[in-house]
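Thanks for coming. I will go through one structure today, from the overall layout down to single residues. Please have a look at it before I start.

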Amino acid sequence: VDTTAYMGAQAFGESKGAPRHPFIAPRQVRRRLPGGMVKVTIGRPEDPWCEIELSDEDVEDWKKGVDIVTEKLQEVMQLPPITIENCHEREDGDLQWEQVEFGQDVGGKYWHAVIVGLHNIRQDFIHKQVKMKHLDWYLNMKATSDKRNPKYYV
């Protein structure tokens, strides 16, 4: 039994003609910026964390797409600095992206790459916060530790 005749080959984007169902459009119909670029804005539109442009080639592979998007985000994103003096002012992992907005309608590969890339950046930031707090604890402990002269305790 040929199921493509029953279900319609156009529904799966196999035909070059118009789609059979009005809500299913082949990928070629979607609008893109010149060069196939999609603009991604992270944060509120009036005060964004960053803006990047992604292409279909960037997110073609699921795993490589996450790495590419993470690199692009790290290049342009300005995260708050973490120092020993200010490490206790913030809670661990208090980064809030608030909003992720694409310039046009995109598929799941774009969403996956951006969301996982933001998650990786947040996890790295949390890791740095924890390391800085531990370093602060260590330096505090060292400064307040026993100050006896070690030459008498051989």
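How many helices and strands does the protein chain have? The protein chain has 3 helices and 3 strands. Helices (H or I, at least four residues) and strands (E, at least two) are DSSP runs, numbered from the N terminus. Read from the N terminus on, the order of elements is α-β-β-α-β-α.

Some ground rules. This is a predicted model, in which local features need pLDDT of at least 70 and side-chain atom pairs count only at pLDDT 80 or more, while totals for chains, interfaces and linings use all residues. Residues are numbered from 1 along each chain as its sequence is written, and side-chain values use heavy atoms, with hydrogens and water left out.

Now the chain as a whole. Of its 154 residues, 25% count as buried. Buried means under 20% relative accessible area, exposed means over 50%, and partly exposed is in between, with a 1.4 Å probe and protein chains only. The accessible surface of the protein chain is about 11,400 Å², and carbon and sulfur atoms hold 53% of it. That area comes from the Shrake-Rupley method with a 1.4 Å probe; for residues, only the protein chains shown count as cover. Take the contacts (heavy atoms within 4.5 Å) with a separation of 6 or more: residues 24 or more positions apart account for 64% of them.

Next, the sheet. In which order do the strands of the open sheet stand? The order of the 3 strands is 2-1-3, with antiparallel pairing. Two strands pair if DSSP finds at least two bridges between them. Strand 2 and strand 3 are at the edges with a single partner strand each, so one side of each has no neighbour in the sheet. From one strand to the next, the twist averages 20°.

Strand 1 and strand 2 are antiparallel over 8 bridges, and a hairpin of 2 residues joins them. Two of the bridge partners in strand 2 are Pro48, which partners Gly43, and Glu53, which partners Lys39.

The helices come next. Helix 2 lies across strand 1 and strand 2, at about 140° to strand 2. Helix 3 lies across strand 1, strand 2 and strand 3, at about 150° to strand 3. For these angles, axes are lines fitted to C-alpha atoms, for helices over the stretch in contact, and the values run from 0 to 180 degrees between N-to-C directions.

That brings me to the inside. In soluble globular proteins, nonpolar side chains tend to be buried together. A nonpolar core here is a set of buried Ala, Val, Leu, Ile, Met, Phe, Trp, Tyr and Cys residues joined through side-chain atoms within 4.5 Å. Which members of the largest nonpolar core touch the most other members? Among its 21 residues, they are Ile42, Leu73 and Val114. At least two residues of this core come from each of strand 1 (37–44), strand 2 (47–55), helix 2 (62–76), strand 3 (100–102) and helix 3 (108–144). Helix 3 gives the largest share, 6 residues. As for Leu73, if we leave aside neighbours within four places in sequence, its contacts are Ile42, Cys50, Ile52, Gly117, Leu118 and Ile121.

Gly65 is placed in helix 2. Is Gly65 buried or exposed? Gly65 counts as buried, because its relative accessibility is 0%. Beyond its neighbours within four places in sequence, Gly65 is in contact with Asp58, Val59 and Ala113. Its C-alpha atom is 8.7 Å from that of Val114, 49 residues apart along the chain.

Gly108, in helix 3, is partly exposed, with a relative accessible area of 45%. The C-alpha atoms of Gly108 and Trp62, 46 residues apart along the chain, are separated by 9.9 Å.

Last, the aromatic rings. The whole structure has 2 aromatic pairs. Rings of Phe, Tyr and Trp (its six-membered ring) pair if their centres lie within 6.5 Å; planes under 30 degrees apart count as stacked, over 60 as edge-to-face and the rest as tilted. Phe102 and Tyr110 are edge-to-face, 6.5 Å centre to centre with 80° between the planes. Phe102 and Trp111 are also edge-to-face, at 4.6 Å and 65°. Phe102 is buried at 11% relative accessible area and Tyr110 is buried at 4%, whereas Trp111 is partly exposed at 38%.
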